[in-house]
Amino acid sequence: MDGNSSTPRITCAYLNQYVGKLVTVVGKVVQLRGEEATIDADGTIHAFLNREAHLSANNGVQLIGKVNPDLSIKVLSSIDLGQGVDYNLANAVVEVTHRYKPLFLYEN
């Protein structure tokens with residue numbers, strides 16, 4: 001990594017600010033096709049899953065991965081969050097962490 005040891009929480013709108021960096025995304029699994037997934041995280045994100053990913057369509061997911069130049073995400077780890085995800089709350093957390101970056105991001 002580039003000295004930044006945190007994985008900031010982002011939504012689709014922030015992808016272009018994090019190309020080449022690790023991020024955390026919470027969203028809804030819209031579609032699964034083999035090792036590829038379409039995630040709704042306040043916008044559509046295309047994710048390339050690893051073999052350990054066990055996701056279900058329409059469930060929530062937390063992804064940690066690297067943002068590719070085409071704004072897709074290469075997933076390093078994923079957690080199926082089930083049906084009861086409050087996406088408005090997840091998006092609000094993203095906004096707060098970006099508004100108050102020094103409280104949430106650790107940089108060496």
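Reader: In which sense do strand S4 and strand S6 pair, and over how many bridges?

Author: This is a predicted model, in which local features need pLDDT of at least 70 and side-chain atom pairs count only at pLDDT 80 or more, while totals for chains, interfaces and linings use all residues. Residues are numbered from 1 along each chain as its sequence is written, and side-chain values use heavy atoms, with hydrogens and water left out. Strands are DSSP runs of E with at least two residues, numbered from the N terminus, and two of them pair if DSSP finds at least two bridges between them. Strand S4 (residues 44-48) and strand S6 (residues 73-82) pair in the parallel sense, over two bridges.

Reader: Which residues is Lys74 in contact with, leaving aside its neighbours within four places in sequence?

Author: Lys74 has its place in strand S6, where Phe48 stands opposite Lys74. Counting contact as heavy atoms within 4.5 Å, and leaving aside neighbours within four places in sequence, the residues that Lys74 touches are Phe48, Gly65, Lys66 and Asn68.

Reader: Which residue in the turn of the hairpin formed by S5 and S6 has a positive phi?

Author: Strand S5 (residues 60-67) runs antiparallel to S6, and eight bridges join them, with Leu63 opposite Ser78. Five residues lie between the two strands of this hairpin, and the one in the turn with a positive phi, of about 70°, is Leu71.

Reader: Is Leu103 buried or exposed?

Author: Leu103 is found in helix H2 (residues 101-104), a helix being a DSSP run of H or I with at least four residues. Buried means under 20% relative accessible area, exposed over 50%, and partly exposed in between, with a 1.4 Å probe and protein chains only. Because its relative accessible area is 68%, Leu103 is exposed.
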